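Here is a friendly briefing to read alongside the model. Have the viewer open, and let's walk through the contact between the chains and then a few backbone details.

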Amino acid sequence: MRDVIKGRRSVRSFRDEHIPEEHLRFVLEAGVWAPSGGNAQPWEFVVVREKSTIEKIKLFSPGLFGNPDVIVVLCVNKRRVRGGKHEELIALMDVAMAAQNMMLAAYSLGVGSCPIASFNKSAIKELLEIPEHVDPVLMLSLGYPDEWPKPPKKRPLEEVTHYEKY
Amino acid sequence: MVKDEHFKLLAFLITSARGCVDEPRLYGPLRLIDAASKLINIMRLEGKTTKELDKIQEIIEEKKDLVMHDEEAFIKFLDELVTELVKIVKGK
């Protein structure tokens, strides 16, 4: 587990190689098993494998680099979000946890991924015929990496961890 | 239209313009520099690239990710690109 967590990278350059269907399913299922506030499971995943659709998505996604084999658009289903002051924020955290599960599952299979928030939400919504009550909030690009990027600088544990009090 | 390289660049520029309203400050330069690399691709398709432009694109592709983890180095990289451009303009 430690190796998977530490080994995952954001991959922005992919080989032209197909991810087997069963591996993609494994990745998606990892998302479904993420925790969520009140078990609301507010997520919806739109999986795009069709190359022509991926090319159209790229037109509206400045943060998407390379030519991934698959794009997963993670959405919040507003009908599953419970009422309350912080529920929208919690739904975003739920989707983020699902995304992290997916990226770790992908890495465990040798599949690279990158989370992308820089895309035009209304354009993607229109393009993928996502209904009004469902909001795309994050994309994952998936594919076999050209190479695994070097690890980025990380803030030391001692700097970010505060025991007993801040 | 969707496969036209000029149209792809146009879509990238417009979408980036909207995105930059809400995104971190340094994403603006990143989008511009990424657009520059896409423009060099188009110039290549039209037989207009030179060794110098190829070098600029190589630098962009190698270093644009600096924006993610090293702001100072990213700005130096932008300076480096300007220096390379000046060399082209001065015919060196």
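## Where the chains meet

In this predicted model, 16 residues of chain B are in contact with 12 residues of chain A, contact meaning heavy atoms within 4.5 Å. The two chains bury about 1,200 Å² between them, with 63% of it on carbon and sulfur atoms; buried area is the accessible area (1.4 Å probe) that two parts lose on being put together, summed over both.

**Pairs across the interface**

- The count between chain B and chain A is two salt bridges, a salt bridge being a side-chain nitrogen of Lys or Arg within 4 Å of a carboxyl oxygen of Asp or Glu.
- One of them joins Asp70(B) to Lys153(A), with the closest N and O atoms 3.7 Å apart.
- Four residue pairs, both at pLDDT 80 or more, are in polar contact across the interface of chain B and chain A (a pair of N or O atoms within 3.5 Å; within protein, one must be able to donate a hydrogen and the other to accept it, and residues adjacent in sequence count only if both atoms are side-chain atoms).

**What chain B brings to the contact**

- Helix H1 (5-22) and helix H2 (27-45) of chain B each supply at least two residues of the side that touches chain A; helices (H or I, at least four residues) and strands (E, at least two) are DSSP runs, numbered from the N terminus.
- H1(B) gives the largest share of that side, seven residues.
- By class, the side of chain B that touches chain A has six nonpolar, two polar and eight charged residues (Ala, Val, Leu, Ile, Met, Phe, Trp, Tyr, Cys and Pro count as nonpolar, Asp, Glu, Lys and Arg as charged, and the others, Gly among them, as polar).

**Backbone details in chain A**

- Most residues other than glycine have a negative phi.
- Gln41(A), not a glycine, has a positive phi of about 45 degrees and lies in the loop between helix H2 (21-32) and strand S1 (43-48) of chain A.
- Gln41(A) is partly exposed, with a relative accessible area of 28% (buried is under 20%, exposed over 50%, partly exposed in between; 1.4 Å probe, protein chains only).
- Glu129(A) has a positive phi of about 55 degrees, sits in the loop between helix H5 (121-127) and strand S4 (134-143) of chain A, and is exposed at 70% relative accessible area.

**Confidence and conventions**

- Chain B has a mean pLDDT of 93, and 99% of its residues reach 70 or more; pLDDT is the predictor's confidence in each residue, from 0 to 100.
- The predictor gives the complex an ipTM of 0.79 and a pTM of 0.88.
- Residues are numbered from 1 along each chain as its sequence is written, and chains are lettered from A in the order in which they are written.
- Local features need pLDDT of at least 70, side-chain atom pairs count only at pLDDT 80 or more, and totals for chains, interfaces and linings use all residues, while side-chain values use heavy atoms, with hydrogens and water left out.
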